Amino acid sequence: MIRLQNISKTYQTDKVETLALKDINLHVKKGEFLSIMGPSGCGKSTLLNLIGLLDQPGTGAISVDGKEVKSYRDKDVAQLRNRTFGFIFQSFHLINDLHVIDNVELPLLYRSVPAAERRRLAKEALEKVGLGARMEHYPNQLSGGQQQRVAIARAMVGKPQVLLADEPTGNLDSQMGAEVMDHLVKLNQEGTTVVMVTHDEREAKRGSQIIRVFDGQLVA
Ligand SMILES: Nc1ncnc2c1ncn2[C@@H]1O[C@H](COP(=O)(O)OP(=O)(O)OP(=O)(O)O)[C@@H](O)[C@H]1O
């Protein structure tokens, strides 16, 4: 469903040019759980950001469901991104001044979903990750694992086809990390495509396919 063809990406700063990805070809298939591994700085996050249309490649083409992303207007790319992807990050990225339930409702605000419907969907998403009783808490009143489960609920509330996770257990101890992994596996079994960056071989093996990046290139 998402195809990257001959993708390269260079970051240009004042003094240095970094070739972060070189000639990447990758097909993310519907329903799979793809784990991306590789050493620090090899280009994993860059790759995930390109898959999720958060960034544009220098050269090459990205297509979603057979249609090349370059042919969309900026506004339509944003809509395609919001409709297709949910994101979770190592450091949760929750807003600490907002209640848990309001954090989860946020993606629906951008889609102009009416208030009552937003609340219903956010409640349902929180119940699914076992946090129905924590809706009126603030994120910093929860454990790290619970905060990441809130982030999963927020990523899933708009029912995206693909969940992109950048080291989702990187800030968690092993037990909390295992709980978060269980949720990702369950979502995948229910039909969500998952693409996850991880440093942990055991976690990577819970997916259906592992790809390895080295120096900006796919090696396996
Ligand atoms: N915004 C940026 N500007 C300049 N260089 C960047 C930028 N983002 C990433 N890079 C460089 O691109 C290369 C790939 O970075 P990336 O974050 O994709 O690696 P990574 O494999 O995810 O690393 P880590 O495992 O440490 O998070 C690195 O050399 C990094 O320094």
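Reader: Which residues of the largest nonpolar core touch the most other members?

Author: This is a predicted model, and in it that core holds 55 residues, with Ile-36, Val-104, Leu-126, Ala-153, Leu-164 and Val-195 touching the most other members. Helix H5 (residues 144-156) gives the core its largest share, 6 residues.

Reader: What makes Leu-164 count as touching Val-195?

Author: Contact asks for C-beta atoms within 7 Å. Leu-164 has Val-195 among its contacts, along with Leu-48, Ile-51, Gly-52, Phe-85 and Phe-87, leaving out residues up to four places away in sequence.

Reader: How do you know that the buried residues of H4 line one face of the helix?

Author: Buried means 20 or more other C-beta atoms within 10 Å, and in H4 that picks out Arg-118, Leu-121, Ala-122, Ala-125 and Leu-126. Looking down the axis of H4, they fall within an arc of 135 degrees, so they line one face. The face turned away carries Ala-116, Glu-117 and Arg-120, which are exposed. Helix H3 (100-109) and H5 are among what covers the buried residues.

Reader: Why are E2 and E5 said to stand at the edges of the sheet?

Author: The open sheet has 4 strands in the order E2-E1-E4-E5, paired antiparallel. Strands E2 (17-28) and E5 (67-68) each have a single partner strand, so one side of each lacks a neighbour in the sheet.

Reader: What makes E4 and E5 a pair?

Author: Pairing takes at least two bridges. Strand E4 (residues 59-64) and E5 have 2 bridges, in the antiparallel sense, so they qualify. Ser-63 stands opposite Glu-68 in E5.

Definitions and conventions: Residues are numbered from 1 along each chain as its sequence is written. This is a predicted model: local features need pLDDT of at least 70, side-chain atom pairs count only at pLDDT 80 or more; totals for chains, interfaces and linings use all residues. A nonpolar core is a set of buried Ala, Val, Leu, Ile, Met, Phe, Trp, Tyr and Cys residues joined through C-beta atoms within 7 Å. A residue is buried if 20 or more other C-beta atoms lie within 10 Å of its own, exposed if 12 or fewer, and partly exposed in between; C-beta atoms are placed from the backbone. Two residues are in contact if their C-beta atoms, placed from the backbone, lie within 7 Å. The arc is that of the directions from the helix axis to the C-beta atoms.
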